[in-house]
Amino acid sequence: MSDLKKIKDEFILKLKNKSNLSEINQIKSDLFGKNGLISLQFKKIGTIADSERKKFAADLNGIKNELQDLISLKIIEIENADINEKLEKEKIDITLPERAFVRGRIHPVSQTIDEISSIFSEIGFSVEEGPDVENEYNNFTALNTPDNHPARDMHDTFYLDEKKQKLLRTHTSPVQIRTMLKDKPPFKIIAPGRTYRSDSDQTHSPMFHQVEGLHIDKNINMGHLKGCLNYFIKEFFEVEKIKMRFRPSHFPFTEPSAEVDIGYEIKDGKIVIGEGDKWLEILGCGMVHPNVLKNVKVDPVKFQGYAFGIGIDRLAMLKYGINDLRAFFDCDYRWLNHFGFDPLDVPTNYRGLSR
Ligand code: PHE
């Protein structure tokens, strides 16, 4: 067997059982390096007799190409094996069950605000917003509240500066002022939001929620106010009939003023709304005082209307059977899980508010 054939066979064998690239590099240099076997054969060409040289050179080139091709193929084979091994190791088993993940719940107060907005939007009210930090003018003065009014007392109001110019709004009524200063009548808006008073026990929290209502137009009277609130309460509690009473009251920004109670009874430990002989106060309302309209440059001879302020937390407690107001603000995840709502259950009038 010629030297060339020997080299070739020997290296084909060697290549066969190699499995990593550094071994292949070694083989490459053994063959084609400076003193590699093939390189030495090339150096020999000059010493070979003329008659055989041509054949020898052709054979040598042939073997060199063959070995180079085999090495290239081997490299591809090793690289593929590496990739396959990686793929095998890093395989994701998609048949495994998903890790339990917890979907958040919508807080009953947020749900109630959405329900209220949905009900009022059906009868033409749009939604306005105002800031939690108010000035004294919008919260009191423009609302016809005299300087000596008890609500202005430090014990009731959180003031933010010594001059008592900035405060945390004590009700959503300043949004009436903001709305009327911004636009021209008629107005038909609700304004849900946070309100603050220095008060804390089972039924009072220093931060609570109200929704303000304001409807100003030509020829609006107390009958419209009653009809609107009657419609709202029935829709909100999802009942056909509701027992409701207007009790005379006093607010500086409405004249006449009233508080509204709804009838209820306790049946089998559960509160039933709209029946029975017990009364529960849920909102304050009245016809907007002419002084308020003058303060926002609306002519009280041409325009009149009503306003109301509803306690949202109280409505939510009644509707969803929650008996301690403080639980709303405890951030207890178990409580939220029980009383909260699915994020996809967006309240709408046509689909049902709370189902
Ligand atoms: N702002 C009043 C309160 O907080 C409620 C109210 C609003 C009364 C609008 C009359 C008209 O008690």
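Q: To start, how many helices and strands are in the protein?
A: The protein contains eleven helices and ten strands. Please keep in mind that this is a predicted model.

Q: What radius of gyration does the protein have, and what would a compact globule of 355 residues have?
A: The protein has a radius of gyration of 43 Å, whereas a compact globule of 355 residues would have one near 20 Å. Along its principal axes, the C-alpha trace spans about 130 × 50 × 40 Å.

Q: And what share of the residues is buried?
A: Of the 355 residues in the protein, 40% are buried. As for the surface, the protein exposes about 20700 Å², and carbon and sulfur atoms supply 53% of that area.

Q: What about contacts between residues at least 6 apart in sequence: what percentage join residues at least 24 apart?
A: Among those contacts in the protein, the figure is 66%.

Q: Let us turn to the ligand. How many residues surround the ligand, and which are the closest?
A: The ligand is surrounded by 14 residues, and the closest are H171, S173, R197, Q210 and G309.

Q: How much of the ligand's accessible area does the protein cover?
A: On its own the ligand has 330 Å² of accessible area, and the protein covers 90% of it.

Q: Which elements give two or more residues to the shell around the ligand?
A: These elements are β5 (207-217), β9 (278-288) and β10 (304-311). Of the elements, β10 gives the most to the shell, with three residues.

Q: How do the residues of that shell divide into nonpolar, polar and charged?
A: The shell around the ligand has five nonpolar residues, seven polar residues and two charged residues.

Q: New topic: where is K319?
A: K319 is in helix α10, which comprises residues 312-320.

Q: Why does K319 count as buried?
A: K319 counts as buried because its relative accessibility is 18%, and the cut-off for buried is under 20%.

Q: What does a polar atom of the K319 side chain lie 2.7 Å from?
A: That polar atom of K319 lies 2.7 Å from the backbone oxygen of F236.

Q: How far apart are the C-alpha atoms of K319 and D50?
A: The C-alpha atoms of K319 and D50 are separated by 111 Å, and the two residues are 269 residues apart along the chain.

Q: Back to α10: why is this helix described as largely enclosed by the rest of the structure?
A: Eight of the nine residues of α10 are buried, so the helix is largely enclosed by the rest of the structure. The buried residues are I312, D313, L315, A316, M317, L318, K319 and Y320.

Q: What follows α10?
A: The helix is followed by G321, whose phi is positive, near 65°.

Q: Which residues does T112 touch, not counting those up to four places away in sequence?
A: On that basis, T112 touches F236, I312, A316 and Y320. T112 itself lies in helix α5 (residues 108-122).

Q: Is T112 buried or exposed?
A: T112 counts as buried, because its relative accessibility is 0%.

Definitions and conventions. Residues are numbered from 1 along each chain as its sequence is written. This is a predicted model: local features need pLDDT of at least 70, side-chain atom pairs count only at pLDDT 80 or more; totals for chains, interfaces and linings use all residues. Side-chain values use heavy atoms; hydrogens and water are left out. A residue is near a molecule or strand if one of its heavy atoms lies within 4 Å of it. Accessible areas come from the Shrake-Rupley method with a 1.4 Å probe; for residues, only the protein chains shown count as cover. Helices (H or I, at least four residues) and strands (E, at least two) are DSSP runs, numbered from the N terminus. Ala, Val, Leu, Ile, Met, Phe, Trp, Tyr, Cys and Pro count as nonpolar, Asp, Glu, Lys and Arg as charged, and the others, Gly among them, as polar. The radius of gyration is taken over C-alpha atoms; the globule rule is 2.2 Å times the number of residues to the power 0.38. Buried means under 20% relative accessible area, exposed over 50%, partly exposed in between (1.4 Å probe, protein chains only). Contact means heavy atoms within 4.5 Å. A polar contact is a pair of N or O atoms within 3.5 Å; within protein, one must be able to donate a hydrogen and the other to accept it, and residues adjacent in sequence count only if both atoms are side-chain atoms.
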